Amino acid sequence: MTIDTDISKLSTTQNYTSAGDRIQNALNQRGPNAAQQESGTPTTGDTVSLTETAARMQQLSSELSNQPVIDNDRVAELRKAIESGTYQVDSQRIAGKMIDLEELF
């Protein structure tokens, strides 16, 4: 395969001033995208739509970020039970939770 290096054969009718112009011209030559075909109106940029699940996850994430990391009331309750000797360790529950955790991996 030979490469023709004669630049006189190149078309000079399209004179672009920037890369943005070249990109826009290429997009215009491609024709309408799926969104434009469905709606019948041209779109001016990219759009993002979240599913209901994604929107709910975003809402929950926002709510969790407003919650304190440590439940100080629960810590105080446990500390009091340990100090008074009334805290009971449920070894079966702990073992079950450890197994559940291992099954995640």
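Me: What counts as a helix or a strand, and how many of each does the protein chain have?

Reply: Helices (H or I, at least four residues) and strands (E, at least two) are DSSP runs, numbered from the N terminus. The protein chain here, a predicted model, has five helices and zero strands. Residues are numbered from 1 along each chain as its sequence is written. In this predicted model, local features need pLDDT of at least 70, side-chain atom pairs count only at pLDDT 80 or more, totals for chains, interfaces and linings use all residues, and side-chain values use heavy atoms, with hydrogens and water left out.

Me: What span is expected of helix 4, and how far does helix 4 reach?

Reply: The expected span of a helix is 1.5 Å times one less than its number of residues. Helix 4 (residues 72-84) has 13 residues and reaches 18 Å from its first C-alpha to its last, close to the 18 Å expected. Just after helix 4, Gly85 takes a positive phi of about 80 degrees.

Me: Which residue forms a salt bridge with Glu77?

Reply: A salt bridge is a side-chain nitrogen of Lys or Arg within 4 Å of a carboxyl oxygen of Asp or Glu. Glu77 pairs in this way with Arg74, their closest N and O atoms being 3.0 Å apart. Both residues lie in helix 4, three residues apart, about one turn of the helix.

Me: Is Arg74 buried, exposed or partly exposed?

Reply: Buried means under 20% relative accessible area, exposed over 50%, and partly exposed in between (1.4 Å probe, protein chains only). Arg74 is partly exposed, because its relative accessible area is 41%. Of the 105 residues of the protein chain, 2% count as buried.
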